[in-house]
Every structure is written in structure tokens, then in C-alpha cells.
Amino acid sequence: MFKLLRLAVYGLVGYAAYQFVMDVVNAEEQQAPSRGKGSRGGGGGGRQQITGARRGGGAGKAEATHDSDGGSVRHRVGRGVV
């Protein structure tokens with residue numbers, strides 16, 4: 001009976017240690033500085049930076065700007081709009 005409880009405690013401690021290590025590794029990956037876009041000499045590992053336009057959100061939002069003299073201009077605003 002006590003061997004089973006000891007095994008369960010070891011399993012819980014091992015799982016907690018595993019989660020801690022994985023959190024530390026993931027935090028280091030997120031804080032690492034970017035080494036350039038794609039494979040352009042920076043050693044980026046072949047990964048490309050995903051921008052808003054590549055995710056499909058680059059279309060922007062259509063808005064109309066109204067001037068004080070009554071005129072208006074339609075244009076797109078938002079992320080990924082060039």
C-alpha cells in the first residue's frame with residue numbers, strides 16, 4: 001500500500017518538475033530576439049515571420065474621413081495596410 005502511495009507521489013513530483021522545465025524552455029523561446037526574416041543571412045532557421053497580411057487579417061477596415069468643409073475620403077485603416 002505504501003509503495004503505491006510513494007509511486008504516486010514520485011509521479012506527481014516528476015510531472016511538476018516536467019511542467020516547470022517546459023515553462024522555462026517556452027519562455028526562453030518567446031524572449032529570444034529575432035534573427036531576421038526567413039533565411040536572409042540571419043540564421044533564422046528557415047522560418048518566416050508571419051505578418052498580418054499573411055494571416056489573412058491584412059485587408060484592413062474601410063473608413064470614411066470627413067472634413068470640416070463637408071468632403072469625405074474613403075480609405076482602409078488597420079493592421080497590415082500599406
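Visitor: Which residue in S2 stands opposite Ala 62?
Guide: That is Arg 76. Keep in mind that this is a predicted model.

Visitor: And what stands opposite Glu 63 in S2?
Guide: His 75 does.

Visitor: In which sense do S1 and S2 pair, parallel or antiparallel?
Guide: Antiparallel, over six bridges. Strand S1 covers residues 61-66, and strand S2 covers residues 72-77.

Visitor: How many residues lie between the strands of that hairpin?
Guide: Five. Gly 70 in this hairpin takes a positive phi near 105 degrees.

Visitor: Where is Val 24 in that?
Guide: Val 24 sits in helix H1, residues 2-31.

Visitor: Why does Val 24 count as partly exposed?
Guide: Its relative accessibility is 35%. Partly exposed runs between the buried limit, under 20%, and the exposed limit, over 50%, so Val 24 counts as partly exposed.

Visitor: Which residues form a nonpolar patch with Val 24?
Guide: Phe 20, Val 21 and Val 25. With Val 24, they have about 340 Å² of accessible area together.

Visitor: What about the protein chain overall? What share of residues counts as buried?
Guide: 5% of the 82 residues. The accessible surface comes to about 7600 Å². Carbon and sulfur atoms hold 57% of that surface.

Visitor: Of contacts between residues at least 6 apart in sequence, what share joins residues at least 24 apart?
Guide: 3% of them.

Methods. Residues numbered from 1 in each chain as written. Predicted model: local features only at pLDDT ≥ 70, side-chain atom pairs only at ≥ 80, totals over all residues. Heavy atoms only, no water. Pairing = 2+ DSSP bridges. Helix = DSSP H or I, 4+ residues; strand = E, 2+ residues; numbered from the N terminus. Patch = residues over 30% accessible without salt bridge, like charges linked within 9 Å, V, L, I, M, F, W, Y side chains within 5 Å. Areas by Shrake-Rupley, 256 points an atom, 1.4 Å probe, with all protein chains shown as cover. Salt bridge = Lys/Arg side-chain N within 4 Å of Asp/Glu carboxyl O. Buried < 20%, exposed > 50% of the residue type's maximum accessible area, 1.4 Å probe, protein only. Contact = heavy atoms within 4.5 Å.
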